[in-house]
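Welcome! Here is a friendly briefing for anyone meeting this structure for the first time.

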Amino acid sequence: MYRIFHYGFVMAFTGLCMMFLVHLVDGYSTVELGSSLMNQILLIPRFFLIFGILLLVLSLAVWFRNWAKSKAEKS
């Protein structure tokens, strides 16, 4: 379960870092990138971010299920 949480956190953080770097490079670039090209460049970081968030939600759901099972067994 912790591995899923770790993978989700790393993927979401990687996606955020990649998005930040793309915007940083675009801000200091002398060449103006079009919005269509920016959308294409940011597609992969968005997938990383969305998939990472989904893994985090999945890990929380697994943790809650395990917590609920342990509470039910103690009762």
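Predicted model: local features only at pLDDT ≥ 70, side-chain atom pairs only at ≥ 80, totals over all residues.

Residues are numbered from 1 along each chain as its sequence is written, and side-chain values use heavy atoms, with hydrogens and water left out.

**The nonpolar core**

- Six residues make up the largest nonpolar core: A12, M19, V22, M38, L42 and L49.
- A nonpolar core here is a set of buried Ala, Val, Leu, Ile, Met, Phe, Trp, Tyr and Cys residues joined through side-chain atoms within 4.5 Å.
- Buried stands for under 20% relative accessible area, exposed for over 50%, and partly exposed for anything in between (1.4 Å probe, protein chains only).
- Helix α1 (residues 2-28) gives the largest share of this core, three residues.
- Helices are DSSP runs of H or I with at least four residues, numbered from the N terminus.

**Aromatic rings**

- The structure holds three aromatic pairs.
- Rings of Phe, Tyr and Trp (its six-membered ring) pair if their centres lie within 6.5 Å; planes under 30 degrees apart count as stacked, over 60 as edge-to-face and the rest as tilted.
- One of the pairs is F9 with F13, which is stacked, at 6.2 Å centre to centre and 10° between the planes.
- F9 and F13 are four residues apart in helix α1, so about one helical turn separates them.
- F9 has 47% relative accessibility and therefore counts as partly exposed; F13, at 48%, is partly exposed too.
- Another pair joins F64 and W67, which is tilted because the ring centres are 5.6 Å apart and the planes stand at 35°.
- Both F64 and W67 sit in helix α3 (residues 43-74), three residues apart, or about one turn of the helix.
- F64 is partly exposed at 48% relative accessibility, and W67 is partly exposed at 39%.
- W63, F64 and W67 are linked into a cluster by ring pairs.

**A nonpolar surface patch**

- On the surface, F5, F9, V10 and F13 form a nonpolar patch with about 390 Å² of accessible area together.
- Accessible areas come from the Shrake-Rupley method with a 1.4 Å probe, and for residues only the protein chains shown count as cover.
- V10 belongs to helix α1 and is partly exposed, with a relative accessible area of 37%.

**Single residues to look up**

- F47 is found in helix α3 and counts as exposed at 53% relative accessibility.
- Although F47 and T14 are 33 residues apart along the chain, their C-alpha atoms are separated by 10 Å.
- S59, also in helix α3, is buried at 1% relative accessibility.
- A polar atom of the S59 side chain lies 2.8 Å from the backbone oxygen of L56.
- C17 lies in helix α1 and is partly exposed at 30% relative accessibility.
- From C17 to G34, 17 residues apart along the chain, the C-alpha atoms are separated by 21 Å.

Methods. Helix = DSSP H or I, 4+ residues; strand = E, 2+ residues; numbered from the N terminus. Patch = residues over 30% accessible without salt bridge, like charges linked within 9 Å, V, L, I, M, F, W, Y side chains within 5 Å. Salt bridge = Lys/Arg side-chain N within 4 Å of Asp/Glu carboxyl O. Polar contact = N/O pair within 3.5 Å; in protein donor to acceptor, adjacent residues only side chain to side chain.
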